[in-house]
Amino acid sequence: MTTKLEQLKKMTDVVADTGDISAIEKYQPQDATTNPSLLLKAAQIPEYAELVDASIAAGKKEGGTEAEQISYACDHLAVAVGCEVLKLIPGKISTEVDARLSFDTKASIEKAHHLIDLYEKSGVDKSRVLIKLASTWEGIRAAEVLQKEGINCNLTLLFNFAQAAACAEAGVYLISPFVGRILDWYKKDTGKSEYASEEDPGVLSVRHIYNFYKQHGYKTVVMGASFRNIGEIEALAGCDRLTISPQLLEELSNDTGTLERKLSPENTGEKIAKPSNDESSFRFALNEDPMATEKLAEGIRNFAADQIKLEDLLKSRA
């Protein structure tokens with residue numbers, strides 16, 4: 001009997017949502033993605049101690065103020081972990097720009113250039129790297145510039161249709177719409193403790209975005225993210241890519257039931273109109289969606305907090 005994970009891999013590119021080398025070795029995903037929270041965990045794993053020390057030394061070598069050196073050290077660590085992961089996967093690694101730059105287009109572009117430069121100095125071609133940016137208006141504009149330079153981007157913290165449409169128009173390589181965090185918000189807002197997969201608001205959001213992209217011929221890859229259970233994953237089988245935690249990969253690999261394809265470019269339902277693509281329309285659409293507004297802000301805050309914790313950890317080791 002084939003497992004659900006094996007079945008899923010035949011219709012969707014599976015991405016490991018972890019920086020844990022052992023988990024990547026075990027589940028053999030196509031791609032992998034990291035973020036400040038995952039890097040913070042990785043930095044505390046004994047196996048990464050040498051990488052942490054080397055990253056601190058490299059940050060010091062770049063010079064500048066202590067704060068700048070620690071920031072550089074974080075970049076070096078992100079790239080070092082990314083390089084280790086790339087040895088084990090055939091595809092791409094996503095590396096995130098500091099969340100505190102989410103509303104600064106110019107600084108986001110500069111940080112992306114630094115990360116790509118570090119990868120290239122480590123012998124990794126930029127074609128194997130996705131620069132991860134928050135799906136703010138400024139983040140999307142940064143991605144638009146980077147894409148034109150041949151640097152592919154992964155737009156994360158994406159919670160609503162306006163964000164997805166703006167990313168597609170900007171020519172972004174890939175988006176990461178969050179499923180579980182949308183579900184979290186609706187559970188709290190409605191007081192409803194459970195949602196069936198077919199009614200899950202996170203699942204429905206990703207399906208809507210996927211269908212819109214396929215109808216209008218956008219090349220941007222849809223990669224569902226942030227899952228709370230395998231039911232959400234099963235409900236998005238057939239999506240371009242899904243990034244899945246080790247725990248849920250384990251559940252899928254232990255399940256030998258039949259997995260039905262749910263998404264297909266040939267079956268996208270009723271026609272979905274293109275929204276206006278200008279800054280004021282984008283900001284108003286986001287403002288009208290309390291879930292997306294709250295979860296985007298919360299996501300940026302949490303990633304920024306973990307980035308600061310990572311910096312503090314490296315500072316204590318310097």
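How much space lies in the second largest pocket? The legends below, which describe a predicted model, take up this question first and then turn to other views.

**View 1. The second largest pocket and its lining.** In this predicted model, about 170 Å³ of space lies in the second largest pocket. Two or more residues of its lining are given by each of α4 (49-62), α5 (66-86) and α6 (105-121), and α5 gives the most, with 5 residues. Among the residues that line this pocket are L51, A54, H76, V79, C83, E84, L118 and K121; by class, the lining has 7 nonpolar, 3 polar and 2 charged residues.

**View 2. Helix α5.** Helix α5 has 21 residues and reaches 30 Å from its first C-alpha to its last, close to the 30 Å expected at 1.5 Å a residue. The helix is mostly covered, with 15 of its 21 residues buried. Besides giving the most to the lining of the second largest pocket, α5 also gives the most to the lining of the largest cavity, with 4 residues.

**View 3. The largest pocket.** The largest pocket has a volume of about 660 Å³, and of the 35 residues that line it, D17, N35, L38, R181 and S245 are the closest to its centre. Elements that give two or more residues to this lining include α3 (36-43), β5 (153-158), α9 (180-190) and β8 (241-244), while the largest share, 5 residues, comes from α14. The lining divides into 11 nonpolar, 14 polar and 10 charged residues.

**View 4. The largest cavity.** A search of the whole structure finds 2 cavities of 30 Å³ or more, and about 130 Å³ of space lies in the largest of them. This cavity is lined by 16 residues, of which L39, D75, A78, E96 and Q307 lie nearest its centre. At least two lining residues are supplied by each of α3, α5, β3 (93-96), α6 and α14, and by class the lining has 7 nonpolar, 5 polar and 4 charged residues.

**View 5. The second largest cavity.** The second largest cavity has a volume of about 60 Å³, and its lining includes E96, D98, L101, K132 and G139. Strand β4 (residues 129-134) provides the largest share of this lining, 3 residues, and the lining as a whole divides into 5 nonpolar, 3 polar and 3 charged residues.

**View 6. The surroundings of R207.** R207 has its place in helix α10 (residues 201-216), and it counts as buried because its relative accessibility is 15%. Leaving aside neighbours within four places in sequence, R207 is in contact with E198, A235, L236, K262 and L263.

Terms used: Residues numbered from 1 in each chain as written. Predicted model: local features only at pLDDT ≥ 70, side-chain atom pairs only at ≥ 80, totals over all residues. Heavy atoms only, no water. 1 Å grid on protein atoms, 1.4 Å probe; cavity = no way out; pocket = protein on both sides within 12 Å on 5 of 7 lines; lining within 4 Å. Points joined across faces, edges and corners; volume = space filled by probe spheres on them. Nonpolar A, V, L, I, M, F, W, Y, C, P; charged D, E, K, R; others polar. Expected span 1.5 Å × (residues − 1). Buried < 20%, exposed > 50% of the residue type's maximum accessible area, 1.4 Å probe, protein only. Contact = heavy atoms within 4.5 Å.
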